[in-house]
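Here is a quick walk through a model, written for someone who would rather look at it than read about it. Keep the viewer open as you go.

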Amino acid sequence: MKTSNREISSETEKRQRISFGVTLLVVGLLIYLIFGLNTQADALATFGLNLSGSQALEVPDLVVPSLAGVYVMAILAVFAGAYQLARGVRNTGWLIGILAFTFVVAFLLWAVQDKSFSLTGMLSSTVVRATPIVLAALCGVISERSAVINIGIEGIMLMAAQTAVITATVSGNLYVGLFFAILMGGLVAALHAYLVIRFKVDQTVSSVAINIFGAGATAFISSRFMQSAGDMLNNSGTFPIISIPVLSKIPVLGPVLFENNLIVYLTIVLVIAMHILLYYTPWGLRTRAVGEHPKAADTLGINVYLMRYVNVILGGMIAGLGGAYFTIGSVGRFDEAMTAGKGFIGLAAMIFGNWNPIGAYTSSLIFGFADSLQVKLQILRIPIPSEFLLMAPYIVTMIILTGVVGRAIPPAADGQPYEK
Amino acid sequence: MTTTATPAPDAGKKENKSSALSQELLIPVLAVLTGLILGALVILASGENPLRAYGALFAGSFGTPGDLIEGIQSYFATGETRLLLRAIYPFTESLVTATPYIFAGLSVALGFRCGLFNIGAEGQFFIGALCSAFVGYSLSGLPMIIHLPLAILGGALGGAVWGMIPGYLKARFGAHEVVNTIMMNWIAFRLSDWLLSGPMKSSGFRPVTQNVLATAELPRFFPEPLRFNLGFFIALLVAYLVYWFLFKTTLGFEIRSVGANPDAAKYAGMNIIRNFVLVMFLAGGLAGLAGSAQVLGVDHWVGQGFSAGYGFDAIAIALLGKSHPAGVVLAALLFGFLRSGATDMQSIARIPIDIISIIQGVVIVFIAAPDIIRWLYRIRAKKAEDTVLTRGWGK
Amino acid sequence: MTNVLELHGITKRFPGVLANDQICITLREGKILALLGENGAGKSTLMNILYGLYKPDEGKIMVRGKEVDIQGPNDAIAQGIGMVHQHFMLVPVMTVTENVMLGIEPTHNGIFLDKAKVSKRIREISDQYGLEVDPNAYIKDLPVGIQQRVEIIKVLYRHADILILDEPTAVLTPQEVEGLFKIIDTLIKSGKSIIFITHKLKEVLAVADDITVLRLGKVVGSIDPKEASSEILATMMVGRDVNLVVQKEPANPAGAVLVVEDLYVRDERQHMTVQGVSFDVRKGEVLGIAGVQGNGQTELVYALTGLLPTDAGSIQLLGESIRHASPRKILERGVAHIPEDRQRHGLILSFPIHDNMMLCTYYKQPFARGISLQPAPIFSNADELVKQYDVRTPNIYVNAGTLSGGNQQKVIVAREFSRPIELLIASQPTRGLDVGSIEYIHKQIIKKRDEGCGVLVVSSELDEILALSDRIAVMYKGQIMAIVDANTATKEQLGMLMAGVLPSETSNKN
């Protein structure tokens, strides 16, 4: 119901404003205390902007005085906090962005003091590591937009990864591996769809069954067949890096975006394609209608079941591509449980991105950033045990799911089986 | 999950009840059977003889009649127990393996009763094990009557706290417990990695804890190498307690109400937040007890990968047991026997134990979609109430 | 005069119920056929068959004299049949254009949606029939009356000339009903034929050219509106003489039980749906809250019963503030709540009846000693209540979900009335019930009033409000427009208030 103009600025709104403002102030203070006090006064942080072996034009390194930088970040956070307390900002997204930005930058400045750190390398690694997360998120988006929950993405990716590497090794052709990985993803998703739509199995239960089965089957095949016949089954090589002419010459952006392998490029293309599909085509309109109000779609002659089948299978194929990334797009061999929870993180990215492809991509990049940060920081040998850094993506996921960083609204019929 | 009707006074109802009960049992039994048949096909496909493999499985779970006879004869002839013990070793090992499954299955089942999907049993298990181990090796000079319960309690508490966190997040923010409990699992693994290679590491190179002191060990009934200990009976006792709690108390009534219809529960004055937190606390505690029982009764130390597989197994067990403590015990025994035998199957017939996961995944599907079993075996359906467990991503 | 639509011998069986039994219906071209019947008579099933959502077990459908086979909505649409559903089939987060074009989307180059084309056509239809709908508005922002017009546009966009209107006035104010009738008039004048499904007798008499009455899945008879009256129609609908008026003594109100002052409540989407409401309910009287559904009544009741938090204002029960009290505290202070959504809030359908009978008091003696439940008192309590309130059930051990709507409501009433109460809040107490159950529930409500309880009845059925209430408060857009004496109130006066129109002379705000 449309609210009239007589809306009271309620206690809850005020409380939210204050809590956000205070949080920002506290973060600013923490930045000063944790990073400011632990940084040498004359330390310089060197951020390398070039990537060796890249086509891009060379650019001098970015050198920043650490302490000064940390102070600037602290002040920025405090200022934002004060502004929020005084005036309040409509779009909380900005505030979260500032919060994350100041904290991360301050952290980097502290961690890199008197050391050198490849910034471009990290950004490039971000895009690459985000890839499986994006694909998992896209799988979730297309499936849930038609109201079918699929938490079995992890299992699908494992099975697809293994399929990719085996078929690629045996045939000697990476594209064969890619094909079969996508096929496997589609098949497993088809099974999920069948169980969930035809038998009305609880969607979470079916997903968990897929995860259990996937983990078990891949481990079984791995120990039974692959460990003894490594060269014949588990040695596929990987897709080579392709430089896009002209664009790859751009400093910083070039190596990050335009010097990647096929799967990464496909991913970016898929994000755009899915966005167009969902919002500008009849197929997308019907999918969204089926996800929001399936009965309405049904009364207009749309086949709800068919829409769901197709969307879930398409999602499975995308997840299959994601699985292929782990093996033929990354290390060229299969290890048990190598997906390491990326399937679930993809779901968190989907939620954070509000169930739309571009949002999912941005959130996945954030996760990819956290992931690659933790790897690079181990190289820097900062005094935090690596295990805690490894925990960071999971903790961030949990924080996001609480919805304090904006409440995302899923498609209205999400998770509910359709009864005619 | 489905609730069984309470017994009715007239005779006609009794008949209905027994046939309903037999239907309730029939589907899970057939599901497991079909799963095993599929497993046999997989074994065949990987080039082994399924009969030989299942023979090894059976021998590994129960022992062989030959060994038993030999053992009895030897005992009556010479008074020596060695052969007899060897004969009952497989059977007791199966019970030992089943013990943590009972606890973990109860953990997931309790969650299901409240509409919560506790996939975090594995992380709660590990944390519980670590806490138990810590209490077990770091407190010296206490008599067993104090030390042992303390160690058990420590494990339960550790798991309980680990479970309570996602429970609170769900209650307060509506954050979906499926993803959160999985995240807690991964966090637990990393945390334990650090603890086992750092603060809790015993001397030596391997990332394991010290052994717990003798006063914190669950008493065993037979000499080495048999490991059958008090933990099994504690598990049965706890199963009964969970049954009493769920079906005979007001708290249990609330929990089941919240699981069946949270809106009506709220209307009736029940506190949903408190119930979610309580259930996840208890469920975490039960999974923690599983870890406890494993450390204090069996291994006496904790190492990496200690909790591997228990979480997912627990889900299969809870589903198979229809979230009822009696069913969970039966299902846990089944899996205990299967897993125990599977290690023999791996060493003798060279079938990786992961085949149990494959069978599990299949069995879960059959339980969740009983129509498949009904179609396969041409059974007529009674009026089924297959509840939807999840309601999407949040409030 | 051609028969544009004929249904012959339509029969449809569901497990345990014969929903339609050899039904024959005739719709004359350019006329309005009213299909009358109470809840559960089979009207919706019949229309779903006509629209292709169900397949009949027997019977045939003839459009303009030719037999047709309708396998799904697409076939019905192809035959020119269009349905305006009672519960709108509109996607709230999409625009009018997107909802209208769903399923038959025109495209550029076969790939991209052509929304402009559809918007243009929507404006044309809107102008032609006086519908005043903005194609780019989001459904969730539109008031209910306009949403209904979007449903009508959907149907006209697909070139329907046989329109089925399923309980179209259920969600409209009397003034909006007038508006709808004007639109129907325009539709008829442009050659459409209409089937009008309803259970409201007065509307039928106002609008219909032909009337067919259904009862328990069968056609009871057809009658000419000129020869019919409310009494005759009611008797046909129910099969016996129906008392349309609730017998009650005049009220004897005493002190206030409930005092609400300046209350503000947000709904689940954080919109302020109750905006500064004040009223009181006295002992021994019934205060009826009238208003079209969606004007804040639901949220008001939830706030009073502790199911929603409040933003501002005060709620006093017998002098004590309950504004921040939990549902349990409110219950214990003597408030009974018959909820609007009985299956969502009132019962746990998968639990046995005896558990539902003690759903609110399970933790108290004698049902529990400490935390231990006592089965014997639980069972005997349920036995007694089932007998006392005549709940039709084989025994108390079956699940509540197996009961019919009326019996489920009786369980709720039995439970709520079995504890001592000072205030009864009944929200849409007879929605979806058959006439027998409606009579029973009304009797029980008046009985409680006569026992000295304060009663608050919220209903979107104006007749029910007029029948039960001693005073009537009208809610519109989250505010109380006026509180009037039920004995002197007229439907027109109430209708104006329900549409947000304050009378020009002084309002009787108590």
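What percentage of the 420 residues of chain A count as buried? The figure is 53%, where a residue is buried if 20 or more other C-beta atoms, placed from the backbone, lie within 10 Å of its own.

A word on the ground rules. This is a predicted model, so local features need pLDDT of at least 70 and side-chain atom pairs count only at pLDDT 80 or more, while totals for chains, interfaces and linings use all residues. Residues are numbered from 1 along each chain as its sequence is written, and chains are lettered from A and ligands numbered from 1 in the order in which they are written.

**Chain A overall**

Chain A has 16 helices and five strands, with helices (H or I, at least four residues) and strands (E, at least two) taken as DSSP runs and numbered from the N terminus. The radius of gyration of chain A, over C-alpha atoms, is 23 Å, close to the 22 Å from the globule rule (2.2 Å times the number of residues to the power 0.38), so chain A is as compact as a globular protein of 420 residues. Along the principal axes, its C-alpha atoms fill a box of roughly 65 × 65 × 40 Å. Take the contacts in chain A between residues at least 6 apart in sequence: 79% of them join residues at least 24 apart. Contact here means that the C-beta atoms, placed from the backbone, lie within 7 Å.

**The sheet in chain C**

Over in chain C, six strands form an open sheet in the order 6-9-10-3-11-12, with mixed pairing. Strand 6 and strand 12 (218-223) of chain C stand at the edges with a single partner strand each, so one side of each has no neighbour in the sheet. From one strand to the next, the twist averages 20°.

| Strand pair (chain C) | Sense | Bridges |
|---|---|---|
| Strand 6 (residues 81-84) and strand 9 | parallel | four bridges |
| Strand 9 and strand 10 (residues 193-198) | parallel | five bridges |
| Strand 3 (residues 32-36) and strand 11 (residues 210-215) | parallel | four bridges |

Strand 9 (residues 162-166) of chain C is mostly covered, with five of its five residues buried. On one side sit I162(C), I164(C) and D166(C), and on the other L163(C) and L165(C). L163(C) is the bridge partner of G82(C), and L165(C) has F196(C) as its bridge partner in strand 10 of chain C. From strand 9, the chain crosses through helix 6 (residues 174-189) of chain C to strand 10, and this β-α-β crossover is right-handed (with the strands pointing away from the viewer, the path from the first strand over the helix to the second runs clockwise).

Further along the sheet, A34(C) has I211(C) in strand 11 of chain C as its bridge partner. Helix 5 (residues 144-157) of chain C packs on the sheet, touching strand 6 and strand 9, and its direction makes about 170° with that of strand 6. Helix 8 (residues 230-238) of chain C lies across strand 3, strand 11 and strand 12, at about 35° to strand 11. Axes are lines fitted to C-alpha atoms, for helices over the stretch in contact, and angles run from 0 to 180 degrees between N-to-C directions.

**Domains and the B–C contact**

The domain assignment of chain C, automatic or from a database, gives domain 1 (3-238), domain 2 (244-334 + 421-510) and domain 3 (338-419). The C-alpha centres of domain 1 and domain 3 of chain C lie 39 Å apart.

Finally, 19 residues of chain B are in contact with 24 residues of chain C. Helix 9 (250-260) and helix 10 (262-267) of chain B are the elements giving two or more residues to that side of chain B. Helix 9 of chain B supplies the largest share, five residues.

Terms used: A residue is buried if 20 or more other C-beta atoms lie within 10 Å of its own, exposed if 12 or fewer, and partly exposed in between; C-beta atoms are placed from the backbone. Two strands pair if DSSP finds at least two bridges between them. Two residues are in contact if their C-beta atoms, placed from the backbone, lie within 7 Å.
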